[in-house]
Amino acid sequence: MKIVIIGGTGLIGTKLAGLLRADGHDVVAASPSTGVDTITGAGLAEAVRGADVVVDVANSPNFEDQAVLEFFQTSGHNLLAAEAAAGVRHHVVLSIVNAERNPGSGYMRAKVVQEDLVKAAPMPYTIVRATQFLEFAGAIAATAAQGDTIALPPAAMQPIAADDVAAALARAVQEPPVNGSVDIAGPEKLGQDEFVRRYLAAVHDSRHVVTDPNARYFGAELDDESLVPLGQARLGKISLADWLAARDTTA
């Protein structure tokens, strides 16, 4: 199959491209750096021409509420229109578990808009909704830090490794469209405060994590059902301990 990956030079896109090429597919890694821009439309029609599947793992370069909303609206509209014109048979998009349950987050609201665009488009589709990546631990710490103190809620998370996300996307690409969503998550639950605490210890960061049930996650108030799958989910294989150990050997 010809498979076009929008955002194909990023963290997930690069891993996904490698997996799909190993399976014998013709893969196009599309991004502004390769001449394909879903915001301006430059190179888009040419990239998706003849594609069997398009995978959208692109992300906004700006996480301010209005900017991220405009990115997913504009990118989604342009991409889906190009796919419809090209006769693409399957659209796969990466989204977030329970995005609709966290309206306090502008990023989550934007992902819901992106999902709605996909559902309204004429192509068969699969929405792969992931929990937070293990690779985001440092960013979560940074956004919650005040000096040497990091205030985080004990709300449950089920973080997933980027390698497992790519594997789940590769599976979705090679299966028939579900015309719905598939949740993917890491193999273990732990509180957000404990997740970051263990990460900081592993990277020898001396900052102190304080448990604060009222602390917000990118604007969203969390409970134990906010960020974890509430029904069936496909689980990754890489635990936090495994990921930290692998990171230590490659650092």
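## Salt bridges and a helix crossing

Glu194 and Arg197 both sit in helix α7 (residues 192-202), three residues apart, which is about one turn of the helix. Helices here are DSSP runs of H or I with at least four residues, numbered from the N terminus. The model is predicted: local features need pLDDT of at least 70, side-chain atom pairs count only at pLDDT 80 or more, and totals for chains, interfaces and linings use all residues. Residues are numbered from 1 along each chain as its sequence is written, and side-chain values use heavy atoms, with hydrogens and water left out.

**Salt bridges**

Glu194 and Arg197 form a salt bridge. The term means a side-chain nitrogen of Lys or Arg within 4 Å of a carboxyl oxygen of Asp or Glu. The whole structure holds 11 salt bridges.

| Pair | N to O distance |
|---|---|
| Glu194 and Arg197 | 3.0 Å |
| Lys15 and Asp163 | 2.8 Å |
| Arg109 and Asp65 | 3.4 Å |

What does the bridge between Lys15 and Asp163 tie together? Lys15 belongs to helix α1 (residues 11-22) and Asp163 to helix α6 (residues 162-174), so the pair joins parts that are 148 residues apart in sequence. Arg109 and Asp65 also form a salt bridge. This pair links distant parts of the chain, with Arg109 in helix α4 (residues 106-120) and Asp65 in helix α3 (residues 65-86), 44 residues apart.

Glu100, Glu115 and Arg129 are linked in a network of salt bridges.

**Accessibility of the paired residues**

Partly exposed lies between buried (under 20% relative accessible area) and exposed (over 50%), using a 1.4 Å probe and protein chains only. Lys15 is partly exposed at 30%, and Asp163 is partly exposed at 41%. Arg109 is partly exposed at 37%, and Asp65 is partly exposed at 39%.

**Where α5 crosses α7**

The axes of helix α5 (residues 137-144) and α7 come within 10 Å and cross at roughly 110 degrees. That makes α5 roughly perpendicular to α7, a class that spans 65 to 115 degrees. Axes are lines fitted to C-alpha atoms, for helices over the stretch in contact, and angles run from 0 to 180 degrees between N-to-C directions.

Which residues of α5 meet α7? They are Ala137, Gly138, Ile140 and Ala141, and they face Gln192, Phe195, Val196, Tyr199 and Leu200 in α7. Contact means heavy atoms within 4.5 Å. The residues of this contact divide into seven nonpolar, two polar and no charged. Ala, Val, Leu, Ile, Met, Phe, Trp, Tyr, Cys and Pro count as nonpolar, Asp, Glu, Lys and Arg as charged, and the others, Gly among them, as polar.

Definitions and conventions: Helices (H or I, at least four residues) and strands (E, at least two) are DSSP runs, numbered from the N terminus. Angles under 35 degrees count as roughly parallel, over 145 as roughly antiparallel, 65 to 115 as roughly perpendicular and the rest as oblique.
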